[in-house]
Amino acid sequence: MAVRAMNTCVIFRSAATPPLVISRRLTTASSKHRNRSNSFLRYPLISHVAIRSYSVHNLVEMVMEELASIRKRGGRVRATTKLELASTGELLEDKLKKGTLQKGLLLEFKKDSERLLLAVALKPDGKKNWMVSDQNGITTSIKPQQVTFIVPGVENFEPTEVSEFVQKAHDNLDPALLEFAWNELVEKNKSVTAQELAEMIFGSAEPLETYCAHLLLSRDEVYFSVLESKGLSVYGPRSATQVDEFLRRKLAKQAAEKEFAELIQLLRSAKQMPLQDKPPRSSWKTEERTWRRIESLEAFAIDFCKNEDQTKTAGMILKAMGLAKTSSAAMNLLIDIGYFPVHVNLDLLKLNLPTDHRDEILLAAESLLSAATDLDEADRIDLTHLKVYAIDVDEADELDDALSATRLQDGRIKIWIHIADPTSLVQPGSIIDKDARRRGTSIFLPSATYPMFPERLAMEGMSLKQGKLCNAVTVSVVLRSDGSIAEYSVENSIIKPTYMLTYESATELLHLNLEEEIELKILSEAAALRLRWRREQGAIDTATLDNRIKVTNPDHPEPSIKLYVENQADAAMRLVTEMMILCGEVIATFGSHNNIPLPYRGQPQSNIDMSAFAHLPEGPVRSAAIVRTLRGAEVNFRNPIRHGVLGLPGYVQFTSPIRRYMDLAAHYQVKAFLSGDSPPFSAGELEGIASTVNMTTRVVKRLSSSSLRYWTLEYLRRQPKGKRYRALVLRFVKDREAAILLTEIGVHASSRVSNGVQIGDEVHVQVEEAHPRDDVLTLKEVEAV
């Protein structure tokens with residue numbers, strides 16, 4: 001039992017007595033910190049004892065002098081007349097280092113980076129470790145270095161009473177007590193231990209009071225700092241200036257915690273809302289602090305955190321939401337609150353590719369459109385009398401090429417390949433050109449198109465349009481009867497496209513064999529001649545099935561998906577492909593004869609015996625086997641190199657200057673020669689440009705491939721369960737695991753097939769699982785119906 005006096009109020013405290021709490025406002029005026037509003041001290045009251053009244057100053061001074069004297073003599077603090085206590089420091093150093101930690105001791109240990117638990121020592125576990133029973137009733141083994149505090153004066157503590165002990169301690173934690181002690185100690189510039197603080201503020205150094213004092217000191221962030229932590233933890237009062245600063249920080253921290261809690265509540269609320277009621281993406285950007293945190297979460301979701309703060313912020317949000325600290329958890333949370341659409345293209349976000357055009361680029365594009373000056377107007381030949389066919393996919397926004405043909409009086413076929421002429425507007429080195437070079441290519445995804453040039457400039461100023469006068473670069477070719485080139489020319493032209501056809505409609509017209517569309521038939525005949533001639537030169541046919549997907553309203557959870565399967569051996573596709581290859585051969589020949597640096601593409605022909613594939617059925621099965629043997633393409637910027645796969649002595653990509661920057665660069669070079677000027681780029685400069693552009697192009701190609709795969713799997717996921725699909729066996733991967741091609745979908749996959757099934761056989765499969773986000777497609781062979 002102990003007696004405490006505060007000012008003129010006498011306060012008593014005993015660990016054995018049930019608490020009866022009274023309050024009194026602290027009113028001492030020796031420091032500005034003693035007048036803090038709402039500071040109350042609460043103490044249990046004891047009656048029936050002899051009382052002697054002291055002023056608070058005299059009492060504190062007496063207690064501290066006595067404690068200091070005991071410490072100086074190396075003695076022990078006597079909490080009662082019956083129980084002698086060892087200091088905490090003695091326990092930690094003597095009992096841990098000397099290996100005499102005893103059963104029944106009450107100790108605090110560090111469970112992990114965030115939790116401290118109270119436990120009773122049970123028994124040794126090996127040479128150094130101890131088995132303990134913690135406040136949650138869990139028995140575990142701990143290392144000596146995990147112990148942070150040993151409650152003095154405790155022997156043979158019952159494990160079943162730890163939880164109650166902890167609860168009593170927490171019931172007595174009042175930060176105002178710490179402020180009171182600081183007020184008294186800062187004037188004396190005296191340090192204090194947990195036991196001394198317990199004696200000072202509770203009037204007792206009993207185990208419970210000492211542990212309470214330890215908790216107050218170890219958790220304090222304002223009034224005290226640790227002066228000595230090895231063995232005996234000694235705490236010193238901070239100066240008034242320091243306390244003011246730490247209080248300011250504490251208030252700022254509390255405000256930030258409140259703000260963070262409000263964000264978490266907002267996230268939980270948005271997560272529970274129906275889809276139509278979720279806040280729009282823009283609403284998360286209105287308040288700067290909220291936006292910074294959402295931005296951190298987004299950066300974490302796409303593995304693109306700029307600094308450690310973003311990673312930490314995202315981790316805090318995920319933890320508060322009860323989620324794992326993973327990018328997929330962050331992505332799903334952003335989807336759940338409506339910030340990301342369900343089918344968000346994470347690859348597009350991760351790659352950080354430019355999708356929008358800057359304002360200055362858009363202004364420059366508008367300036368070009370309004371000026372509408374054709375730099376090559378005087379040199380253009382008028383080809384508006386020709387019937388012109390533009391053939392492309394039905395959703396094509398930019399039309400780069402169109403075709404014309406006629407039969408000459410000697411029976412030979414003459415072809416005109418018209419290519420859009422963006423260089424009539426855009427000059428090398430201009431702001432529009434530099435931006436196009438940075439992008440490298442247009443991005444075509446099932447859900448969106450991101451053009452290399454600003455959309456209005458590409459569509460209205462560059463693209464070929466039906467029934468409109470259009471600037472073009474026209475490659476005209478006269479073919480010999482065997483399909484080889486007899487004559488060619490490259491000229492600036494003006495054309496007026498007659499038809500804009502899809503591949504499907506062009507194929508239908510060819511099958512109808514209409515007399516009024518004889519030009520289309522001539523083009524098809526020319527394509528057949530060219531294919532035969534190229535095969536004679538060693539060309540390798542790799543025609544297969546591909547799929548194409550168009551997604552409408554991709555931000556909707558259930559957008560419309562249209563899937564098209566394209567056979568590269570289809571008549572219209574063969575026609576266009578052969579004409580584009582023919583154009584590439586002419587430009588390579590033209591460049592070589594005139595010493596023009598160009599991106600001459602080649603592909604070394606693999607040393608393969610084509611007869612080795614003769615046993616495989618023509619089409620996708622044979623093509624797949626051949627493609628696996630081919631070597632990568634090469635580029636030379638000074639001279640043509642053989643393109644073995646195409647069967648050509650040289651080849652230059654020239655037919656997509658609105659969509660591909662290297663095609664545009666080839667146009668700059670050829671157009672300069674046609675104008676009598678020097679090419680804008682040397683071979684070395686072209687090589688440097690190609691190096692940068694090709695890196696971007698490869699990234700875009702991977703993005704396009706992954707996006708097509710995603711939407712293909714989403715399409716399959718939506719199909720009726722149990723639906724059967726026809727598939728061709730392309731090869732065996734291992735045992736009966738086969739690489740297959742779903743012919744009705746145009747997608748490659750794998751599946752186990754029955755014994756007896758051979759390469760080239762058709763099997764039937766059904767979808768077991770389709771998870772587009774995880775790129776999982778599981779198929780099972782089934783019997784044909």
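Q: Where does N513 lie?
A: N513 sits in the loop between α15 (503-512) and α16. Helices are DSSP runs of H or I with at least four residues, strands are runs of E with at least two, and both are numbered from the N terminus. This is a predicted model: local features need pLDDT of at least 70, side-chain atom pairs count only at pLDDT 80 or more, and totals for chains, interfaces and linings use all residues. Residues are numbered from 1 along each chain as its sequence is written, while side-chain values use heavy atoms, leaving out hydrogens and water.

Q: Why is N513 called partly exposed?
A: Buried means under 20% relative accessible area, exposed means over 50%, and partly exposed is in between (1.4 Å probe, protein chains only). N513 has a relative accessible area of 43%, so it counts as partly exposed.

Q: What makes the phi of N513 worth a remark?
A: Most residues other than glycine have a negative phi. In N513, phi is near 55°, a positive value in a residue other than glycine. N189 also has a positive phi, near 55°, and is not a glycine.

Q: Why is N189 called exposed?
A: Its relative accessible area is 64%, so N189 passes the exposed cut-off. N189 is placed in the loop between α4 (175-188) and α5 (194-201).

Q: How do you know that the span of helix α16 agrees with its 19 residues?
A: The expected span of a helix is 1.5 Å times one less than its number of residues. For α16 (residues 518-536), that gives 27 Å. Its end C-alpha atoms are 27 Å apart, so the two agree. Buried residues of α16 include L520, L523, A527, L531 and W533. G538 follows α16 and has a positive phi, near 100°.

Q: What shows that the span of helix α6 agrees with its 13 residues?
A: α6 (residues 207-219) should span 18 Å, and its end C-alpha atoms are 18 Å apart, so the values agree.

Q: What makes α6 mostly covered?
A: Eleven of its 13 residues are buried. Among them are P207, Y211, C212, H214 and L217.

Q: Why are both faces of strand β11 called covered?
A: In a regular strand the side chains alternate between the two faces of the sheet. In β11 (residues 234-237), V234 and G236 are on one side, Y235 and P237 are on the other, and all are buried.

Q: How do you know that β10 and β11 pair?
A: Two strands pair if DSSP finds at least two bridges between them. β10 (residues 224-228) and β11 have four bridges, in the antiparallel sense. In one of these, S225 has G236 of β11 as its bridge partner.

Q: How many bridges join β28 to β29?
A: Seven bridges join β28 (residues 762-771) to β29 (residues 776-782), and the strands run antiparallel. V765 is partnered with E781 of β29. Four residues separate the strands of this hairpin, where D775 takes a positive phi near 55°.

Q: Why is N547 called buried?
A: Its relative accessible area is 11%, so N547 falls within the buried class. N547 belongs to strand β21 (residues 545-552).

Q: What makes the link between N547 and T712 a polar contact?
A: A polar contact is a pair of N or O atoms within 3.5 Å; within protein, one must be able to donate a hydrogen and the other to accept it, and residues adjacent in sequence count only if both atoms are side-chain atoms. The side chains of N547 and T712 are joined by such a contact at 3.1 Å. The N547 side chain also reaches the backbone oxygen of I745, at 3.3 Å.

Q: Which residues does R736 touch?
A: Contact means heavy atoms within 4.5 Å. Not counting residues up to four places away in sequence, R736 touches S751, R752, V753, S754, N755, G756 and V757. Its side chain reaches the backbone oxygen of V757 at 2.9 Å. R736 and R752 are 16 residues apart in sequence and 5.3 Å apart in space, C-alpha to C-alpha. R736 is in the loop between β25 (724-734) and β26 (737-742).

Q: How many disulfides does a search of the whole structure find?
A: A disulfide is a pair of cysteine sulfur atoms within 2.5 Å. The search finds zero. C583 has 0% relative accessibility, so it counts as buried. C470, at 4%, is buried too.
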